[in-house]
Amino acid sequence: MSEFVNAAKLSELPPGSGRTVDVNGIAVALFNVAGTIYAIDNTCRHRGGPLGEGLLEGKVVTCPWHMWEYDVSSGEFTANRDIKVATYPVQVEGDEIKVAV
């Protein structure tokens, strides 16, 4: 079973934003959707774009390379729910965002 590790500070991830962090050697995209933190694989399934650098609107992030859109709460590609990126469990303890990969 994966253990939760510190990934970022909550104060560094304001609502409506995303960023990429390294968690045990895995690039993870973190998103703050109205105070709820989500963690997904950072790599777009289309051409490997960095999802953590994408535009977040509600629960949908748009890949900055080719505009593929993913639901950050489920990892699903919005145009075809059978295509997904990995999602990771998140815990917030005080100002610490912890992710298990």
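Let's start with a pair of strands: β3 and β4 run antiparallel and share six bridges. Strands here are DSSP runs of E with at least two residues, numbered from the N terminus. Two strands count as paired if DSSP finds at least two bridges between them.

A word on the model. It is predicted, so local features need pLDDT of at least 70 and side-chain atom pairs count only at pLDDT 80 or more, while totals for chains, interfaces and linings use all residues. Residues are numbered from 1 along each chain as its sequence is written, and side-chain values use heavy atoms, with hydrogens and water left out.

Back to the hairpin. Two residues sit between β3 and β4, and Ala34 takes a positive phi near 50°. Across the pair, Leu30 stands opposite Ala39 in β4.

Which residue in β10 is the bridge partner of Ala39? That is Tyr88. β4 and β10 (residues 87-88) are antiparallel, joined by two bridges.

How much of β4 is buried? Five of its six residues are. Buried means under 20% relative accessible area, with exposed over 50% and partly exposed in between (1.4 Å probe, protein chains only).

Now the largest nonpolar core. It has 14 residues, and Phe31, Ile40 and Leu51 are among those with the most contacts inside it. Such a core is a set of buried Ala, Val, Leu, Ile, Met, Phe, Trp, Tyr and Cys residues joined through side-chain atoms within 4.5 Å. β3 (26-33) and β4 (36-41) each supply at least two residues of this core. β3 gives the most, with three.

How values were computed. Helix = DSSP H or I, 4+ residues; strand = E, 2+ residues; numbered from the N terminus.
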